[in-house]
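Trainee: I am new to this structure. Could you walk me through it, one feature at a time?

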Amino acid sequence: MSKKRSGNDVFTGGNPGTPPPPGAAGWQGPTGNVLKDEFGLEIPVESIPIPSRGLVYPPDHPLHMCETVDIRAMTAHEEDILTSRALIKKGTVITELLRSCLCDKRIDPNQLLIGDRNAIMTALRITGYGSEYSVEVQCPACDERSRQDFNLSTLPIKRLTCEPVANGANVFEAKLDDKLTIRYRYLTGTDETMISQMNERKKKQGMEASQLITTRYSYQIVSVNGIDDKTKISMFVQKMPSKYSLALRRHMDDNEPGIEMQQQMVCPHCFEVSEVPMPLGASFFWPDSKR
Ligand SMILES: [Zn+2]
């Protein structure tokens, strides 16, 4: 780790000496909840912001209405998780990493929204290896690949600003016009695993992992004009006019809590400046592996 990090500026990029205003985003710094082993080493525990603000978790969930969650920094044990072939094959490395580092063992990382998982994952990366992240990115203008440096501590947190239809429900309402109202949910770790396993299966059968949008809708749409029958929804999705599809996707994307992964890059080949999704490659947790 090249740079000593000062605590609560990890996401906000703000001055760590200034306490954030009440309810503001940002790190609260070490909680004093510190593990000490026989060697007198301290494994820091940090309180990190949850983008969903816990609004989507039911009242009996440990994160219900919680703005932050405590994590323990990674140790050599987590490096074992990151290199476990069995977990890599199952596609559950990140889930097990999160499980291992969440202080409250009642929290099941599979139930967390993707955006909340990404926030915890990014925080673990920063506390473990620092905030500099160097990764190969493809230029959207000329398709050439180049190495880009990102600063993870400056990625903005997108906090949930739109209220779910009920307290503690992962259900949101998009009124697309006076004829069409769609209720949808945000994907969790479990959904992500199921979708990627399905895509893997399709690839093995020689099918293309296309139908990205309709697959996503089949997981996210809860009801259409009050109709919640799965078969009817799936028929609707196949025939949905693209005008509505686009409006729905905007509603979903604009309100999705998480970490802003769209970053600017300057291509060294064509000098074009583009917005690209920051890839989460192997070097996210192995920063020196490809240097
Ligand atoms: Zn280029």
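**Reading the model**

Mentor: The place of Arg53 is in the loop between strand 3 (45–49) and strand 4 (68–72). Strands (E, at least two residues) and helices (H or I, at least four residues) are DSSP runs, numbered from the N terminus. Residues are numbered from 1 along each chain as its sequence is written. This is a predicted model: local features need pLDDT of at least 70, side-chain atom pairs count only at pLDDT 80 or more, and totals for chains, interfaces and linings use all residues.

Trainee: What is the phi of Arg53?

Mentor: Phi of Arg53 is near 55°, a positive value in a residue other than glycine.

Trainee: Is Arg53 buried or exposed?

Mentor: Count neighbours. A residue is buried if 20 or more other C-beta atoms lie within 10 Å of its own, exposed if 12 or fewer, and partly exposed in between; C-beta atoms are placed from the backbone. Arg53 has 20 other C-beta atoms within 10 Å, so Arg53 is buried.

Trainee: Where is Asn225, and why is it called exposed?

Mentor: Asn225 is in the loop between strand 10 (221–224) and helix 7 (230–239). Asn225 is exposed because 10 other C-beta atoms lie within 10 Å. Asn225 is not a glycine, yet has a positive phi of about 50°.

Trainee: How many bridges join strand 5 to strand 6?

Mentor: Two strands pair if DSSP finds at least two bridges between them. Strand 5 (residues 132–138) and strand 6 (residues 145–151) run antiparallel, joined by seven bridges. Val135 stands opposite Gln148 in strand 6. The two strands form a hairpin with six residues between them. In that turn, Asp143 has a positive phi of about 70°.

Trainee: Which residue is the bridge partner of Met265 in strand 13?

Mentor: Ser274 is the partner of Met265. Five bridges join strand 12 (residues 262–266) to strand 13, and the two run antiparallel. They too form a hairpin with six residues between them, and Phe271 in the turn has a positive phi of about 65°.

Trainee: At what angle do helix 6 and helix 7 cross?

Mentor: Axes are lines fitted to C-alpha atoms, for helices over the stretch in contact, and angles run from 0 to 180 degrees between N-to-C directions. The axes of helix 6 (residues 212–220) and helix 7 come within 10 Å and cross at roughly 150°. Therefore helix 6 is roughly antiparallel to helix 7 (under 35 degrees is roughly parallel, over 145 roughly antiparallel, 65 to 115 roughly perpendicular, the rest oblique).
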